[in-house]
Amino acid sequence: MKDLLKDPKAFQELAKQKKPKPNLAKNLTNAFLVGGGICTLGQFIQNVYINYFGFEPERAGDPTTATVIFIGGLLTALGVFDRIARHAGAGTAVPVTGFANSIVSAALEFKREGFVLGVGSKMFILAGSVIVFGVVTAFVVGLISTLI
Amino acid sequence: MTSKLGKQTFNFATKPILIGYATVAGPKEGQGPVGSYFDKVYPDLIMNEKSFEKAERLMMTTAVDMALEKSGVSRDQVDVFVAGDLLNQIITSGFSALNLGAPYLGIFGACSSFCEGLLTASLLVDSGAAQIVVSATSSHNCTAERQYRYPTEYGAQLPPWSQHTVTGAAAMVVSPQGKGPKIELATVGKVMDLGIKDPFDMGSAMAPAAADTIFTHMEDTQRKPEDYDLIVTGDLGRVGREILVELGQRQGYDLSGNYRDCGELIYSKEQTENAGASGCACSALVTLGLLFNQNYKRILVAATGALHSPTSFQQGENIPTIAHAVSIEFPGGGN
Amino acid sequence: MGTYLTAFIVGGLICVIGQLLFDLTPLTPAHVLVLFVVMGGILGGVGLYDRLIEFAGAGATIPISSFGNSLVKGAMTEAARSGPIGILTGIFELTSSGITASIIFGFFFALLFNPKG
């Protein structure tokens, strides 16, 4: 019998076979329902800002995003967000709630190392790449648009 | 005098004795099937301390104090303190050593620390030079998460092959004379790498190390799996365990009967989200808690560890792993 | 600016794409979100993301891809107004509230709460 301990490729084949498959149907359904739900909530909040607070439709996006960020942050601080996210997956990670969670969870976690060295410097440890790549993309696309 | 058998196995002539030991655990472990065996269970993860790291330290120092008390040994009798944990610079062990005030050897075997510590202690005692050696290990779910993976409140969806780090600590007192289980043999493992890159897939990464060490142990000692009442691995989880059984079949070792994995024993079915438990404390708590209370005659404990770091992973390296095996005899055990 | 139905469906579908990437590829969540932001930026640059927003409202503005779109729109609008230097000065114009809110909330929540593990 082949000694798999000397054959990485064959071993990896065996490992792949034994790995349980994620329950795709459940994960996709949860992501759809929770993600759709959060966006619908955002739509509702936006309508509230337009109809009750008198924001113009184009300007209502700012307070709406800030509100959803607040909600995501609060759920994170209360220790509830990770329990929802475990089931919702992309449903909570892809909306801006995920962005808020990555920042607030980092801020909370590194509080033990102090506010300057912990909270301050590590707050963007997870969200940083989203900001960096977003800015780089905007720079490149902006540059291309001025050159065209 | 210790002698060497075959390639990697050490035979302890004096059969060092575990004259006392203590186990301390977190709430989830306390609520699990092994919970009633632990000496102390904490009701929450912060344990009235200012950080999770300090809580883990509290667990290790508590386990050490309890083990010394149960052995009737005082602090100044300790010749050497051998300890290891998962944290950077093994701070839990270092600070616990400071608290204990004994000469200290820090070890890093990741989740294989339980066996690495036990075999190191046995080597020291069997040399004839040390009379009392204390070995300890610990792990804490939150300190491991925040160091290796994500902030504890981060909403990550973990894959079904991932494992949950155990919160707990254990300490053992090893001595040439006294009453208790005896350490007869230990096989020191080699680092293995079969190309697994996913730090959430510890089972697949560690199974080869467990296989290499256990099979080498069998070759070195000319024994078979049936010579043991039970063979356990530290934390291969369901995925790693299945892989190990298959690897065994291919090498002519039948592990289907008397082999279990501690990572699958410490939590109940309802408590298990994914592939099982992991962490230094996993093998320690299950072995000292559950297995030492089962009337076995002889067991083989193979604790498994992953030797990567977040840095090595981010730099694209594979997950290198290791396993150390210790054969423990129970005088008066069996039918 | 979208209806509740279109917001739900489009938002849900964007998240489904994210979930497929999570489950079927070795990409980490960070990689997937970066991909979304970059795609949002590119679609914003060619004017397609705004059309999605018109159709789906919050279904397009709440997902993180919208962040990429806002960054690009900010740069392009300011560049059209004041020349190439506008690329640098305008990038954060539309996303300023989101980033500021995140920092403020992160800081104050850290003051008031502890991680529970």
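1. Start with sequence separation in chain B. Take the contacts between residues at least 6 apart in sequence: 78% of them join residues at least 24 apart. Two residues are in contact if their C-beta atoms, placed from the backbone, lie within 7 Å.

2. A word on the model. It is predicted: local features need pLDDT of at least 70, side-chain atom pairs count only at pLDDT 80 or more, and totals for chains, interfaces and linings use all residues. Residues are numbered from 1 along each chain as its sequence is written, while chains are lettered from A and ligands numbered from 1 in the order in which they are written.

3. Chain B has nine helices and 15 strands. These are DSSP runs, numbered from the N terminus: H or I with at least four residues for helices, E with at least two for strands.

4. Now the overall form. The C-alpha trace of chain B spans about 50 × 50 × 40 Å along its principal axes. Of the 335 residues in chain B, 60% are buried. Buried means that 20 or more other C-beta atoms lie within 10 Å of the residue's own, with C-beta atoms placed from the backbone.

5. Chain B splits into domain 1 (7–175) and domain 2 (182–329). The bounds come from an automatic or database domain assignment. The domain centres, taken over C-alpha atoms, are 18 Å apart.

6. How many residues of domain 1 of chain B are in contact with domain 2 of chain B? The count is 52, and they touch 56 residues of domain 2. Helix α4 (residues 113–126) of chain B gives the most to the domain 1 side, with seven residues.

Note on methods. Buried ≥ 20, exposed ≤ 12 C-beta atoms within 10 Å, placed from the backbone.
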